[in-house]
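Here are my notes on the charged pairs. Please read them with the coordinates open.

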Amino acid sequence: MSTTQKELETAHELLDFIRKSPTAYQAVANMRDMLDAKGFIYLPEQDAWNVRRGGCYYTTRNASSIVAFKVGADLDHYHYQMSASHTDSPTFKVKMSPELSGPEGYLRLNVEPYGGMIDYTWFDRPLSVAGRVMAREGSGVRSRLLAIDRDLFLIPSLAIHMNREVNDGFAPNRQVDLMPLMSAGELSGGAFVQLLADELGVEADQVLSFDLTLVNRQPGVVWGAREEFVSSPRLDDLQSAFSALRGFDQAHNDHDVSVFACFDNEEVGSGTKQGAKSTFLRDVLVRINAALGKDEQDLLRALAASFMVSFDNAHAVHPNHPEHADEGNRPHLNQGVVIKEHAAQLYCTDAFSSAVMAEVCRRADVPTQVFANRSDKRGGSTLGNLSNQQVSVHGVDIGLPQLAMHSSYETAGVRDTAWGIRALEAFYGADLVIEGAEGVSFCS
Ligand code: CO
């Protein structure tokens, strides 16, 4: 089977979205733009909410997590069909005092790790910074999104002549080896904040604080003699987030409340006010329930009949290291959506939820494959089992297969984004009637 024009276009649209989304803040801003264009109404968390049947809405928290929802017109069996993905990726965060002056007249940035990145992938490539800056404006303090579209920094390797053992295994020291170079003498202390101020059109003393992280400037590409691959920064998890939002947008379901959630801080454990472990999703559901004139009993009944798709990228079998993948539960690029299971429940998948999701995909002609860790390996965790601590519902962990997870430049299959969109569209469109853990009917 070869790649269709449509699948290729989708891959390029994904790369476009990722390029415009260097951090969680820009990802949420871009999602908001997409939702605004579709007529979704923004409901700030601090306002009273007016939610109507047939309406489309979204809210954000910390400008870095977002929940959008569409309320079915008749809600004859009121429940929620939800997905969760994440907006953040491993990178390095600029410290509050952002510069290291010297040695030898150099000026460097002082950064610390955010999440579990592969350190060596950050060497010798042009970098910038992006995120948000808090600036004094008028009588108050304002948040300004910032993504500097220039090559500004680089972390230089040490020459092999000075480290002959580098190819025998190199463990970079994060306080020593991974500080980005900013200037070789042209700039001096204070230059970084001045740079931010210039970009924002404010004075340096108006810059009060910032959440800024390093951005790999290498643009995403589709590659291979047969254009089989897509490589880009932040495929984990913007590939899933993009697919989920598309599927959510394209589906229509009058019988449920469809919910699209995208959380920040998955890469650092989700334990923030806007993370998957926070009350954010639960607060939104409680407010929808109340705005629809329903009581607590209605909400609990609805949750018992609800379903969550936790959508985070999965490990494809590696071409040079197939031995790290399980014998039979190993996904392949371009072969469809991955259903992930873990006996110790770092994934929320169980027989019930995997059967529902596999059936949703089968009915939409979306191929599925399965992932489990090798039994002697500890895998990663993700969103589903964490969001379940606040909103406990049937859930399945799925993902799109990729290589080099947490590299600053990751690789996936060119066709899988289109499969992901189709799977989520089918999920959101499915008229599911869930009866406890006894079964589920696909109505209409
Ligand atoms: Co992820």
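The points below take the salt bridges in turn.

1. Keep in mind that this is a predicted model. A search of the whole structure turns up 15 salt bridges. I comment on some of them here.

2. Start with E7 and R415. Their closest N and O atoms are 3.1 Å apart, and the pair forms a salt bridge. E7 sits in helix α1 (residues 5–19), and R415 in the loop between β20 (410–413) and α9 (416–429), so the bridge ties together parts that are 408 residues apart in sequence. Buried or exposed? E7 is buried, at 8% relative accessibility. R415 is buried too, at 7%. Both values fall under the 20% cut-off for burial.

3. Next, E199 and R150. Their side chains form a salt bridge at 3.5 Å, N to O. This pair also links distant parts of the chain: E199 belongs to helix α3 (residues 191–200), while R150 is in the loop between β8 (140–147) and β9 (181–183), 49 residues apart. E199 is partly exposed, at 35% relative accessibility. R150 counts as partly exposed as well, at 44%.

4. R362 is exposed, with a relative accessible area of 52%. E359 is partly exposed, at 24%.

Note on methods
Residues are numbered from 1 along each chain as its sequence is written. This is a predicted model: local features need pLDDT of at least 70, side-chain atom pairs count only at pLDDT 80 or more; totals for chains, interfaces and linings use all residues. Side-chain values use heavy atoms; hydrogens and water are left out. A salt bridge is a side-chain nitrogen of Lys or Arg within 4 Å of a carboxyl oxygen of Asp or Glu. Helices (H or I, at least four residues) and strands (E, at least two) are DSSP runs, numbered from the N terminus. Buried means under 20% relative accessible area, exposed over 50%, partly exposed in between (1.4 Å probe, protein chains only).
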